[in-house]
Amino acid sequence: MSAASRRGLRRGLWLCAGLVAAAALSIGACSRHAPPAGDNAAVPEKPSVIGGPFRLVDTAGRTVTDQSLKGRPYAIFFGFTRCPDACPTTMSRLALLRQRLGPDADRIAILFVSVDPEHDKPADIASFLSMFDTPVTGLTGSPAAIRQIQQAFRVVVEHVPLPNGDYTIDHSTAVYLMDRHGRFFEPMSATDSVEANLGQLHALLRI
């Protein structure tokens, strides 16, 4: 990844609609919130602080906090189990990256946080993550706890009503890379090349 591209990634967080409006739309640009393409696009500056205290539970009912995760870097992604595009694509990429890391794979944890606690129960999250055949910690919590971590990580979440009375969710699609001290390193996108993503993970491991 070029220095210019890395700066572009750090300047913005990606958003993607939870439902594709047309087959021609790509995952990286399927939301009305998505920034224009190009390194010089006018996108919001990255907040000075990303991350913070949170307390959630995994799919086995165990408590997971920002403090309990310290000691090992992690990649954290926010999505929902009924997401038809960005979430499966990103989780598949994370599974591939873990495989490509080889002996270093266990040095980085992968976390999936559901932004749909009203629908996604622990069993739903566990079933969704089982499709990717790689160790992932699925997290959920009360709506208040989910709002807290969304705010801490500057995650944009918007419920979008559907004609049938159901809803889908527009949400940030960045993977947040956190170092072993629980500090934000940089965002990672599944729309970049596998080699670019691997470079980011290797850089994270060197911290």
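This is a predicted model: local features need pLDDT of at least 70, side-chain atom pairs count only at pLDDT 80 or more; totals for chains, interfaces and linings use all residues.
Not counting residues up to four places away in sequence, V49 touches A152 and R154. V49 lies in the loop between β1 (15-16) and β2 (55-58). Along the chain, V49 and R154 are 105 residues apart. In space, their C-alpha atoms are 9.0 Å apart. Is V49 buried, exposed or something in between? Its relative accessible area is 47%, so V49 counts as partly exposed.

Now move to another loop. T81 is found between β4 (74-79) and α2 (86-101). T81 has a relative accessible area of 16%. Buried means under 20%, so T81 is buried. Which residues does T81 contact beyond its neighbours within four places in sequence? They are F112, H119, D120, D124, I125 and F128. The side chains of T81 and D120 are joined by a polar contact of 2.5 Å.

Next come the aromatic rings. How many aromatic pairs are there? The count is eight. Take F77 and F112 as one of them. Their ring centres are 6.4 Å apart. Their planes meet at 40°, so the pair is tilted. An angle under 30 degrees would have made a pair stacked, and one over 60 edge-to-face. This pair links distant parts of the chain. F77 belongs to strand β4, while F112 belongs to strand β5 (residues 109-114). The two are 35 residues apart. F77 is buried, because its relative accessible area is 0%. F112 is buried too, with a relative accessible area of 0%.

Compare that with F128 and F132. Here the ring centres are 5.2 Å apart. The planes stand at 75°, so this pair is edge-to-face. Both F128 and F132 are buried. Elsewhere, five aromatic residues form one cluster: F54, F78, F153, Y176 and F184.

The charged end of R82 sits over the ring of Y167. The distance to the ring centre is 5.0 Å.

Y167 leads on to strand β8, which covers residues 167-172. Is this strand mostly covered or mostly open? Five of its six residues are buried, so β8 is mostly covered. Its partner is strand β7 (residues 157-161). The two strands run antiparallel, and five bridges join them. One example is E158, whose bridge partner in β8 is D170. Together β7 and β8 form a hairpin, with five residues between them. G165 lies in the turn and has a positive phi of about 95°.

Finish with the cysteines. A disulfide is a covalent bond between the sulfur atoms of two cysteines. How many disulfides does the structure hold? It holds zero. C83 has a relative accessible area of 4%, so C83 is buried. C87 is at 0% relative accessibility, and therefore also counts as buried. For a disulfide, the two sulfur atoms would have to lie within 2.5 Å.

Notes
Residues are numbered from 1 along each chain as its sequence is written. Side-chain values use heavy atoms; hydrogens and water are left out. Buried means under 20% relative accessible area, exposed over 50%, partly exposed in between (1.4 Å probe, protein chains only). Helices (H or I, at least four residues) and strands (E, at least two) are DSSP runs, numbered from the N terminus. A polar contact is a pair of N or O atoms within 3.5 Å; within protein, one must be able to donate a hydrogen and the other to accept it, and residues adjacent in sequence count only if both atoms are side-chain atoms. Contact means heavy atoms within 4.5 Å. Rings of Phe, Tyr and Trp (its six-membered ring) pair if their centres lie within 6.5 Å; planes under 30 degrees apart count as stacked, over 60 as edge-to-face and the rest as tilted. A charge sits over a ring if NZ of Lys or CZ of Arg is within 6 Å of the ring centre and within 35 degrees of the ring normal. Two strands pair if DSSP finds at least two bridges between them.
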